[in-house]
Amino acid sequence: MTQRVVAQSEADFQQRLEQHFGKPQETVYVFAKGAEIATTPDAMKLGDVIAIESGEAAPVSGLILYGAA
């Protein structure tokens with residue numbers, strides 16, 4: 001019974017996160033070798049530079065080099 005309650009609580013929490021922040025991005029554009037290359041957030045590594053549009057949430061923690069936050 002306890003496991004069922006915990007599983008339902010996690011599912012509810014995930015649903016509320018998606019409603020508030022939207023679904024996680026499936027594709028991220030990383031600058032590499034002078035071009036933007038599509039990859040997944042899981043495949044990113046320390047030091048990668050990404051491109052995001054205005055109003056778009058960054059899929060990772062980081063430092064803004066150009067533009068405004």
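The protein has 1 helix and 3 strands, where helices (H or I, at least four residues) and strands (E, at least two) are DSSP runs numbered from the N terminus. This is a predicted model, in which local features need pLDDT of at least 70 and side-chain atom pairs count only at pLDDT 80 or more, while totals for chains, interfaces and linings use all residues. Residues are numbered from 1 along each chain as its sequence is written, and side-chain values use heavy atoms, with hydrogens and water left out.

**Overall form**

Along the sequence the elements follow the pattern α-β-β-β. The radius of gyration of the protein is 16 Å, well over the 11 Å that the globule rule gives for 69 residues, so the protein is more spread out than a compact globule. This radius is taken over C-alpha atoms, and the globule rule is 2.2 Å times the number of residues to the power 0.38. Taken along the principal axes, the C-alpha atoms fill a box of roughly 55 × 25 × 15 Å.

Of the 69 residues, 4% count as buried. Buried means under 20% relative accessible area, exposed over 50%, and partly exposed in between (1.4 Å probe, protein chains only). The accessible surface comes to about 6,300 Å², of which 55% belongs to carbon and sulfur atoms; the areas come from the Shrake-Rupley method with a 1.4 Å probe, and for residues only the protein chains shown count as cover. Among contacts (heavy atoms within 4.5 Å) between residues at least 6 apart in sequence, 10% join residues at least 24 apart.

**The sheet**

The 3 strands form an open antiparallel sheet in the order S2-S1-S3. Strands S2 (35-39) and S3 (49-51) are the edge strands, each pairing on one side only. From one strand to the next the twist averages 45°, with axes being lines fitted to C-alpha atoms, for helices over the stretch in contact, and angles running from 0 to 180 degrees between N-to-C directions. Two strands pair if DSSP finds at least two bridges between them.

S1 and S2 pair in the antiparallel sense over 5 bridges, and Val-30 has Ile-37 in S2 as its bridge partner. On the S3 side, 3 bridges join that strand to S1 (residues 28-32). Here Phe-31 stands opposite Val-49, and Tyr-29 has Ala-51 as its bridge partner.

S1 and S2 also form a hairpin with 2 residues between them. Lys-33, in the loop between these strands, has a positive phi of about 55° although it is not a glycine.

**Individual residues**

Ala-38 lies in strand S2. Leaving aside neighbours within four places in sequence, Ala-38 is in contact with Thr-27, Val-28 and Tyr-29. The C-alpha atoms of Ala-38 and Thr-27, 11 residues apart along the chain, are separated by 6.1 Å.

The count of salt bridges comes to 1, a salt bridge being a side-chain nitrogen of Lys or Arg within 4 Å of a carboxyl oxygen of Asp or Glu. Lys-45 forms a salt bridge with Asp-48, with the closest N and O atoms 3.8 Å apart.

The table lists the exposure of residues named above.

| Residue | Class | Relative accessible area |
|---|---|---|
| Lys-33 | exposed | 87% |
| Ala-38 | partly exposed | 47% |
| Lys-45 | exposed | 59% |
| Asp-48 | partly exposed | 25% |
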